[in-house]
Amino acid sequence: MTTTKTADVEGTLVQIYSLAAAGAEIVRCTCNSQDAADGLRQIVPRSPVPIVADIHFHVEMALAALESGVAALRLNPGNLRKPEEIKLVAREAGARGVPIRIGVNAGSLHPDFAKEFGGITAEAMVASALHELELFHEVGFDDVAFSVKASNVALMIAAYRLLAEKVDHPLHLGVTEAGPLPGGLIKATAGIATLLAEGIGDTIRYSLTADPIEEARAGRQLLEAMGLRERKGLDLIACPSCGRAEIDVIGVAKAAQSALEERNLPIQVAVMGCVVNGPGEAREADLGIAAGRKKGHLFIKGHIVRVVPEDEMVEALVAEAEQLVAEGIEARLAAADSSAEAEAEADRQALLAEKGDDANASEDRIELIRRTVASGRAGDRRD
Ligand code: SF4
């Protein structure tokens with residue numbers, strides 16, 4: 001959602017373009033005055049993404065937003081309460097083929113529902129949403145999406161689960177007023193991801209007390225992490241570091257992240273603190289680097305392709321990332337330094353000899369897991 005005054009057409013469009021570049025696929029702007037509605041009239045045709053008008057108290061603003069050509073409206077049943085006004089908006093939206101999101105918010109729940117259900121509960125929120133739908137149905141309007149947001153994550157999850165049982169309409173997910181980072185990010189992700197994993201939700205919004213670009217970025221990253229959107233940008237994975245680390249993993253990961261983000265390369269890159277476990281643990285990454293014996297072992301899909309001096313790790317990683325995106329994995333594997341695998345293995349063995357066996361005892365653990373699984377299967381067969 002934009003944070004500019006909607007009447008400020010140029011400022012709002014700059015923000016909309018930035019949001020779209022950060023991954024937003026729909027942008028909402030407030031329509032709280034005639035100036036805002038006039039602004040929307042100019043913004044809508046120039047926007048790279050559909051614009052939704054946010055309406056709170058005034059029916060006139062809903063009608064003005066429809067006149068301005070927005071792609072959808074969001075109505076808050078707790079704020080726009082008169083049935084005749086609600087039906088008028090639905091009729092006008094229907095005439096234009098414009099959908100409406102019924103956006104219930106725990107903080108502004110219609111007091112009648114809070115009273116009937118003994119407080120702000122999931123049942124009260126869903127009842128408010130369904131009541132609004134009934135009013136829409138009275139005028140033959142059904143082009144509806146819903147949201148039942150709350151700042152309380154458990155309440156929000158319960159409300160959406162209940163609503164999903166009752167309607168087939170699209171659901172827009174959000175933890176409202178989640179707050180500043182990092183707590184807001186955690187709350188929003190807990191609520192949204194839980195529901196998405198259950199197959200509930202069609203659109204999402206992060207409501208953070210932060211630059212709205214952060215909201216768009218977070219939403220995009222969540223969808224990419226859950227496999228619901230193709231990766232558009234960088235996915236940097238890095239080990240958490242431990243006593244075995246041969247470099248400042250946090251510093252190198254940050255330097256790599258900022259250099260790679262600047263270039264906007266759509267790949268998964270791993271930064272690993274040591275060569276003992278690093279390349280193996282990050283073998284699924286497109287590209288990675290692991291530190292050891294003052295060197296960086298550069299690997300593509302787990303195969304060592306080059307060994308570079310430690311102080312050139314970030315540069316080498318960035319250069320390889322650019323070539324990888326330009327030429328593809330097969331071509332870069334074919335261009336690997338033929339002595340790199342052997343040199344890397346020698347470093348790994350030397351480190352193991354110096355510092356003892358694999359700190360995480362991964363080989364032993366994998367063997368133990370295999371034995372446990374195998375004995376479990378044998379047990380299943382006996383049952
Ligand atoms: S063992 Fe190596 S790769 Fe794993 S956390 Fe420690 S430093 Fe990082």
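## Val104 and its surroundings

Val104 is a residue of strand β4. The model described here is predicted. Val104 counts as buried because 29 C-beta neighbours lie inside 10 Å of it, and a residue needs 20 or more to be called buried.

Apart from neighbours within four places in sequence, Val104 is in contact with Pro77, Gly78, Leu109, Met125, Ser128, Ala129, Ser147 and Val148. A contrast in distance is given by Ala340, which is 236 residues away from Val104 along the chain. The C-alpha atoms of Val104 and Ala340 are separated by 59 Å.

## Strand β4

Strand β4 covers residues 100–105. The strand is mostly covered, with six of its six residues buried.

On one side, β4 pairs with strand β3 (residues 72–75) in the parallel sense, over three bridges. Arg74 stands opposite Arg101 of β4, and Leu75 has Ile102 in β4 as its bridge partner. Strand β4 is also joined to β5 by six bridges, and these two strands run parallel. In that pairing, Gly103 stands opposite Ser147 of β5. Ser147 is also one of the residues in contact with Val104.

## The parallel sheet

Which strands make up the open sheet with parallel pairing, and in what order? The sheet has five strands, in the order β1-β2-β3-β4-β5. Its edge strands are β1 (27–30) and β5 (144–149), each of which pairs on one side only. From one strand to the next, the twist averages 25 degrees.

Helix α2 (residues 34–46) lies across β1 and β2 (51–55), and runs at about 170 degrees to β2. Helix α4 (residues 83–96) belongs, with β3 and β4, to a right-handed β-α-β unit.

## The mixed sheet

A further open sheet of five strands has mixed pairing, and its order is β8-β9-β10-β11-β12. The edge strands here are β8 (235–238) and β12 (303–309), and each pairs on one side only. The twist from one strand to the next averages 20 degrees.

How do β11 and β12 run relative to each other, parallel or antiparallel? Strand β11 (residues 295–300) and β12 run antiparallel, and six bridges join them. Gly296 stands opposite Val308 in β12. Helix α14 (residues 340–355) lies across β10 (287–292), β11 and β12, and runs at about 75 degrees to β12.

## The ligand

How many residues surround the ligand? The number is 15, and the closest are Cys239, Cys242, Ala245, Gly273 and Cys274. By type, the residues of this shell divide into eight nonpolar, five polar and two charged.

Key:
Residues numbered from 1 in each chain as written. Predicted model: local features only at pLDDT ≥ 70, side-chain atom pairs only at ≥ 80, totals over all residues. Near = placed C-beta within 6 Å. Nonpolar A, V, L, I, M, F, W, Y, C, P; charged D, E, K, R; others polar. Pairing = 2+ DSSP bridges. Helix = DSSP H or I, 4+ residues; strand = E, 2+ residues; numbered from the N terminus. Axes fitted to C-alpha atoms, helices over the stretch in contact; angles between N-to-C directions. Contact = placed C-beta atoms within 7 Å. Buried ≥ 20, exposed ≤ 12 C-beta atoms within 10 Å, placed from the backbone. Right-handed = clockwise from strand over helix to strand, strands pointing away.
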